[in-house]
Amino acid sequence: MKMTLRDTLKIYKDMYALLNLVLDVREHFPKAYKYSFGEKLMMTAIECCEFIKLANSVMDEARLEYLHAFSKKFTSLGLLLEICQDRHLVSKDEFCRILEFTGSIGAQARGWKDYTIARIEAGKL
């Protein structure tokens, strides 16, 4: 089975777009949040991109491990983004855009993980 280039994967494109949105909104954070909280938000989004790349680079149970790691990191990112909304660090429009990305990325990740599990169980990976 030929691997898809990471930058043609929809999940990677969406996660990368979300990362760029995070970078854009971080620029407008108040000083009290911009550096420590903003740095954690940015690094968590970067790590999510990295896990997608790593998952796409392997063809066995290691893929499932990377997808589980992505899921955990993506859950952390979701919490950080909720805090942004609760603390009014992002506008309602920005948060709506964030929700569009997180919903799409989450669904794609679940589908990829389910597909990988099915392939492993069928002995095809």
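Residues are numbered from 1 along each chain as its sequence is written, and since the model is predicted, local features need pLDDT of at least 70, side-chain atom pairs count only at pLDDT 80 or more, and totals for chains, interfaces and linings use all residues. Side-chain values are based on heavy atoms, with hydrogens and water left out.

The chain comes to 5 helices and 0 strands, where helices (H or I, at least four residues) and strands (E, at least two) are DSSP runs numbered from the N terminus. Its C-alpha atoms fill a box of roughly 50 × 25 × 20 Å along the principal axes. Of the 125 residues, 36% are buried (under 20% relative accessible area with a 1.4 Å probe, protein chains only; exposed is over 50%, partly exposed in between). Taking contacts (heavy atoms within 4.5 Å) between residues at least 6 apart in sequence, 74% join residues at least 24 apart.

Now to the packing of α1 on α4. Two packed helices are described by the angle between their axes and the distance between the axes. For α1 (residues 10-26) and α4, the axes come within 13 Å and cross at roughly 30°; axes here are lines fitted to C-alpha atoms, for helices over the stretch in contact, with angles running from 0 to 180 degrees between N-to-C directions. On the α1 side, Met15, Leu18 and Val22 meet Phe70, Phe74, Leu77 and Leu81 of α4. By class, this contact has 7 nonpolar, no polar and no charged residues (Ala, Val, Leu, Ile, Met, Phe, Trp, Tyr, Cys and Pro count as nonpolar, Asp, Glu, Lys and Arg as charged, and the others, Gly among them, as polar).

Of its 32 residues, Met15, Leu18, Phe70 and Leu77 touch the most other members. Two or more residues each come from α1, α3 (36-56), α4 and α5. Leu77 touches Met15, Leu18, Leu41, Thr44, Ala45 and Cys48, leaving aside residues up to four places away in sequence.

Val25, also in α1, counts as buried because its relative accessibility is 2%. Val25 and Glu94 sit 69 residues apart in sequence, yet 7.9 Å apart C-alpha to C-alpha.

His88, in the loop between α4 (61-86) and α5 (92-121), counts as exposed because its relative accessibility is 69%. His88 also has a positive phi of about 60° despite not being a glycine.

Technical notes. Core = buried A, V, L, I, M, F, W, Y, C linked by side-chain atoms within 4.5 Å.
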